[in-house]
Structure formats: structure tokens, C-alpha cells
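Q: I'm new to this one. Can you walk me through the model?

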Amino acid sequence: MLVKFHSRGSGGGDSPVDYLLGNDRDREGASVLRGNPEITRELINSTDYARRYTSGVLSFAESPTDISDKVKAKIMDEFEATIFVGLEHDQYNCLWVEHTDKDKTDTAGNVIK
């Protein structure tokens, strides 16, 4: 598993949610695993901090179909427990979106389909 946090987060909530799910929330290859996109968008829009949100990616060598829903849920649970240590679930918001439309590359740069 590779973990990457992006250096974005200063804009409103429309851009990140639209990128993840498409403007009409019908982006091919994207599905919400956990969370509510509209609540996430509204929370981002309601804050006036310079950095309104943090976004990141968990990337796996395995195909999404090779990882069971139970294992995905465990990964999300453990990741949230690690990065939000000491907080209750009602003290943070996460939107988990799975993308199956991205090509992967191996260490030599070859596209893996």
C-alpha cells in the first residue's frame, strides 16, 4: 500500500468532490465506499481556515476486485484510527472514494491494466 497526502486544501468543497465523483456524481469508475459527498462539501465550504481540508490517496498493487469489502472496511477503520487517534467518529469527516478507472504502472513505468 502506498499512502500520499496532497498539498491542496485551500479552496471550496465543490472542486475536490467534483474531481472525485464528477460534477453530476456519476464519474465512471468512481464509487463512494464510506461517507457522504454532500456533507463533506458543505463542511469544507463552511470553514474559513486557510487549509480547509486534507486529501490523500491509498494506492494498492491489487485490483479493487481482489480486495474484499470486509478487508476494505478494515483498512479504512484502521487508517482512521491511526490518523484521528483520540477523536470520536463524530469529531471528524472522511469521504472514502474508490477509483477503478486509473491505470497503474510498475517500477519500470509500464502500464498495468
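The chat below goes from the overall layout to the aromatic rings and then to one helix.

Q: What kind of model is this?
A: This is a predicted model.

Q: OK. How many helices and strands are there in the protein chain?
A: The protein chain has three helices and six strands.

Q: What pattern does the chain follow along the sequence?
A: The order is β-α-β-α-β-α-β-β-β.

Q: How much of the chain counts as buried?
A: 23% of the 113 residues count as buried.

Q: What about contacts along the chain?
A: Take the contacts with a separation of 6 or more. Residues 24 or more positions apart account for 72% of them.

Q: Switching to rings. How many aromatic pairs does a search of the whole structure find?
A: The search finds three aromatic pairs. One of them is Phe5 with Phe79, which is stacked. Their centres are 6.4 Å apart, with 25 degrees between the planes.

Q: Which parts does that pair tie together?
A: Phe5 lies in strand β1, residues 2-5, and Phe79 in helix α3, residues 69-83. So the pair links parts that are 74 residues apart in sequence.

Q: Which other pair is stacked?
A: Phe84 and Tyr92 also form a stacked pair. That one is 4.0 Å centre to centre, with 15 degrees between the planes. Both Phe84 and Tyr92 are buried.

Q: Which residues form an aromatic cluster?
A: Phe5, Phe79 and Trp96 form one cluster.

Q: What lies over the face of Tyr19?
A: Arg27 does, at 5.0 Å from the ring centre.

Q: Now helix α2. Which of its residues are buried?
A: Helix α2 covers residues 37-46, and its buried residues are Pro37, Thr40, Arg41 and Ile44.

Q: Where do they sit around the axis?
A: They cover an arc of only 100 degrees, so they are on the same side of α2.

Q: Why would residues in a helix line up like that?
A: An α-helix has 3.6 residues a turn, so residues three or four places apart point the same way.

Q: What do the buried residues of α2 pack against?
A: They pack against α1 (14-21) and β2 (30-34).

Q: Last one. What does Asn36 reach at the start of α2?
A: A side-chain oxygen of Asn36 comes within 2.9 Å of the backbone nitrogen of Glu38.

Definitions and conventions
Residues numbered from 1 in each chain as written. Predicted model: local features only at pLDDT ≥ 70, side-chain atom pairs only at ≥ 80, totals over all residues. Heavy atoms only, no water. Helix = DSSP H or I, 4+ residues; strand = E, 2+ residues; numbered from the N terminus. Buried < 20%, exposed > 50% of the residue type's maximum accessible area, 1.4 Å probe, protein only. Contact = heavy atoms within 4.5 Å. Phe/Tyr/Trp six-rings, centres within 6.5 Å; stacked < 30°, edge-to-face > 60°. Lys NZ or Arg CZ within 6 Å of the ring centre and 35° of its normal. Arc of directions from axis to C-beta. Polar contact = N/O pair within 3.5 Å; in protein donor to acceptor, adjacent residues only side chain to side chain.
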